[in-house]
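Take a look at the fold below. We will walk through it helix by helix, then turn to the core and a few loops.

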Amino acid sequence: MSFDHSGKVAFITGAGSGIGRATALRLAGECAAIAVADISADGAAETVRQVQAAGGRALAVHCDVRDRATIAAARDAAVAEFGAIHYLVNNAGLVTMESLDELTEAQWDLVVDVNLKGQWLVTQEVNPAIEAAGGGAVVNLSTVESLVVVSSKGYAQVHYNASKGGVIMLTKALAVELARKNIRVNAVAPGPVATDFVSLEGITSPEAMEFMSQRLLVPRVGQPTDIAAAISFLLSSDASWITGIQLPVDGGWLTR
Ligand SMILES: NC(=O)c1ccc[n+]([C@@H]2O[C@H](COP(=O)([O-])OP(=O)(O)OC[C@H]3O[C@@H](n4cnc5c(N)ncnc54)[C@H](O)[C@@H]3O)[C@@H](O)[C@H]2O)c1
């Protein structure tokens, strides 16, 4: 199935890699123009290259989701290039692997600032452009770890769990706030997906597969395209009566 995003413009944070890049390619293939917003200039340029090679339209815009000035400049560049913004995908995110006793304040602040505060800041800066376009939709990237602790290393990532748990309520609160602007807000909660987020070896090794096979009902690691498909649906007019939810896309991870 594909969705029709003709005439739409999507602003995607963290689109220089992984799930964000797959979402850029998916939406561009469904006729949206893409603002590829990333802190990595090389990553963003590569995504733009891939979108354009596939016949789509994309623009790289420098954006650190912790920095309001770069977000505003990226938004303005996207509007100048494409004339409007209709969709926002708050995808930029990261994790550091530390036990509670080793976790530093700097690591806590980095993860919570990028994963949670960044979603708020970007939404605050970009939603007026979506309103000006007559409304649209936002999708926030969460994780199954917003709901359950995954201690593959023998310990939780408390800063990551806290940041993504916050994404659930941020999504609901934004859905309430932005409904009057005709903007829907939902979250997608991926299970383990093969990207640069954690090492590929770490996610595909026999030990990792053994650990994951106890949870996964669909016996494979997720691909970025699995998540992009759900994001495309939630942004589309086919989802026009869906707002304020978190949709797990997790191979059944949360089922048992
Ligand atoms: N890969 C997984 O298994 C998985 C599982 C659940 C949720 N997620 C979530 O999906 C989202 C995307 O993850 P991914 O797997 O594609 O990771 P990734 O590392 O492949 O991509 C993350 C992108 O975010 C960018 N980024 C990092 N900090 C930034 C900042 N301050 N400002 C702007 N951009 C920044 C990076 O440059 C990179 O391009 C994240 O929010 C992550 O928490 C991933």
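Helix α4 (residues 105–132) and helix α5 (residues 158–178) have axes that come within 9 Å and cross at roughly 15°. Helices here are DSSP runs of H or I with at least four residues, strands are runs of E with at least two, and both are numbered from the N terminus. Axes are lines fitted to C-alpha atoms, for helices over the stretch in contact, and angles run from 0 to 180 degrees between N-to-C directions. The two helices α4 and α5 are therefore roughly parallel to each other. The cut-offs are these: angles under 35 degrees count as roughly parallel, over 145 as roughly antiparallel, 65 to 115 as roughly perpendicular and the rest as oblique. The crossing of α4 past α5 is right-handed. That word applies if the near helix is turned clockwise from the far one by less than a right angle; anticlockwise is left-handed.

Which residues meet? On the α4 side they include W108, V112, L116 and W120, and on the α5 side they include Y160, V167, L170 and L174. The contact of α4 with α5 has 11 nonpolar, eight polar and one charged residues. Contact means that C-beta atoms, placed from the backbone, lie within 7 Å. Ala, Val, Leu, Ile, Met, Phe, Trp, Tyr, Cys and Pro count as nonpolar, Asp, Glu, Lys and Arg as charged, and the others, Gly among them, as polar.

A word on the model itself. It is predicted: local features need pLDDT of at least 70, side-chain atom pairs count only at pLDDT 80 or more, and totals for chains, interfaces and linings use all residues. Residues are numbered from 1 along each chain as its sequence is written.

Now go to α3 (residues 68–82). It packs with α4 at an angle of about 30°, with the axes 9 Å apart. So α3 and α4 are roughly parallel to each other. Their crossing is right-handed. R68, I71, A72, R75 and V79 of α3 make the contact with L121, V122, E125, V126 and A129 of α4. By class, this contact of α3 with α4 has seven nonpolar, no polar and three charged residues.

Next, compare helix α1 (residues 18–29) and α8. Their axes come within 8 Å and cross at roughly 55°. That makes α1 and α8 oblique to each other. The α1–α8 crossing is right-handed. Among the residues that meet are I19, A22 and L27 in α1 and I227, A228 and I231 in α8. This contact of α1 with α8 divides into eight nonpolar, four polar and two charged residues.

What about the core? The largest nonpolar core has 65 residues, and those with the most contacts inside it include F11, I12 and V36. Such a core is a set of buried Ala, Val, Leu, Ile, Met, Phe, Trp, Tyr and Cys residues joined through C-beta atoms within 7 Å. Leaving out residues up to four places away in sequence, I12 touches several others, among them A24, I34, V36 and V89.

Finally, the loops. W241 lies between α8 (224–235) and β7 (246–249). Is W241 buried or exposed? W241 counts as exposed, because it has 6 C-beta neighbours inside 10 Å. A residue is buried with 20 or more other C-beta atoms within 10 Å of its own, exposed with 12 or fewer, and partly exposed in between; C-beta atoms are placed from the backbone. C31 sits in the loop between α1 and β2 (33–38). C31 is not a glycine, yet has a positive phi of about 85°.

Conventions: Contact = placed C-beta atoms within 7 Å.
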